[in-house]
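Q: Before any feature is discussed, could we have the sequence and the structure in view, so that each term can be read against the atoms?
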Amino acid sequence: TGLDAKMKAKGKKYFGSCADSNTLNIAANVAVLKSDFGQVTPENSMKWDATENSRGSFTFSGADTLVNWAVSNGKMIRGHTLVWHSQLPGWVSSIGDKATLTSVIQNHITNVAGRYKGKLYVDGDPGTSLTHCIFSEILNEDGSLRSSVFSNVLGESFVTIAFTAARSTDPSAKLYINDYNLDSNNAKVQGMVSLVKRINAGTKYIDGIGTQMHLEANGAGGAQAALTALASSGVSEVAITELDIKSASTNDYTTVVKACLAVSQCVGITTWGVSDVNSWRSGNTPLLFDNNYRPKAAYNAVITALS
Ligand code: G3I
């Protein structure tokens, strides 16, 4: 009867939320995760600064907490995120040569993706038990490649370097590229579609595209067009990966959910948290549960849209 069950009844794979030890320590939050969500995404614990803050020295305590919780509770996991220009330790940002950066990316991915390979809940479709978000946020608003240590040193080749490493480490995981402001069929969506078509022209490196959808009030009108355009790149999946909406209006949430239902390649929706009180945008009351973990009007609107 919760969000995830209704989403699955519509033929989708999950309704998920981010989580980590800070929110898994809150009983009321955990109760809602158990009743309503079928997938968890580590909010911070799988990022580069959390897992390899010093070169070659890996720390998995936070990510293990999330993964172990998901495994014991039968929840799917979306990895997040193997390569991102933000929350990136200084020692990576200061690498200046191609050979070193290539082997550093490969070693990071081999260790982080390798840690969780085969340890995860399998729901009859092993390929969906773990999706790895390889990249967050590699594009500018005009669709061009964002300046980062990765693009500055390696050009676009860092995309195939990273996807190749992830594919050989965990061949059954779905591999995603993920970005923000992919909220309508805008220049950034067009840039993403061109990038994915270019990268996937021979070998299919990229399985899916994630649109984060950190939306403003009344900002959901382009969601279906965005999902449709992203799917036109030929990927087998698209997903809404970090949904939150300023003021959480029932209309906006309904529009986003209906957009995913209307696009066959859209496999699931992840909200970026459960309760407003733990949101990175807590001042915007953007989520489906209030500060006391009670369902809001937007929650009821989502349930209705899924019914
Ligand atoms: O872990 C330290 C802690 O040791 C320290 O005491 C504390 C003091 O500020 O900071 C803690 O780190 C914070 C971290 O969250 C863990 O709580 C960082 O300051 C804070 O900046 C960080 O914010 C996260 C943000 O990504 C970082 O860019 C948010 O929780 C997280 O929701 C947000 O998520 C991102 C996605 O990963 C990518 N897309 C955008 C989205 C929103 O920014």
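Q: Which residues are around the ligand?
A: This is a predicted model, in which local features need pLDDT of at least 70 and side-chain atom pairs count only at pLDDT 80 or more, whereas totals for chains, interfaces and linings use all residues. Residues are numbered from 1 along each chain as its sequence is written. A residue is near a molecule if its C-beta atom, placed from the backbone, lies within 6 Å of it; here the residues around the ligand are Glu43, Asn44, Ser86, Gln87, Ser136, Tyr180, Gln212, Glu242 and Trp280.

Q: How many residues of each class does the shell around the ligand have?
A: Ala, Val, Leu, Ile, Met, Phe, Trp, Tyr, Cys and Pro count as nonpolar, Asp, Glu, Lys and Arg as charged, and the others, Gly among them, as polar. On that scheme the shell divides into two nonpolar, five polar and two charged residues.

Q: How many helices and strands are in the protein?
A: Helices (H or I, at least four residues) and strands (E, at least two) are DSSP runs, numbered from the N terminus; the protein has 13 helices and nine strands.

Q: What is the angle at which H10 and H11 pack?
A: Axes are lines fitted to C-alpha atoms, for helices over the stretch in contact, and angles run from 0 to 180 degrees between N-to-C directions. Helix H10 (residues 187-199) packs on helix H11 (residues 223-231) at about 20°, with the axes 9 Å apart. Angles under 35 degrees count as roughly parallel, over 145 as roughly antiparallel, 65 to 115 as roughly perpendicular and the rest as oblique, and H10 and H11 are therefore roughly parallel to each other.

Q: Which residues make the contact of H10 with H11?
A: Two residues are in contact if their C-beta atoms, placed from the backbone, lie within 7 Å; Val189, Met192 and Val193 of H10 meet Ala226, Ala229 and Leu230 of H11. By class, this contact has six nonpolar, no polar and no charged residues.

Q: Where is H12, and how do the axes of H11 and H12 cross?
A: Helix H12 spans residues 250-262, and its axis comes within 8 Å of that of H11, crossing at roughly 30°, which makes H11 roughly parallel to H12.

Q: Which peptide bond is cis?
A: The bond from His80 to Thr81 is cis, with omega near -5°, and Thr81 lies in strand S3 (residues 76-84).
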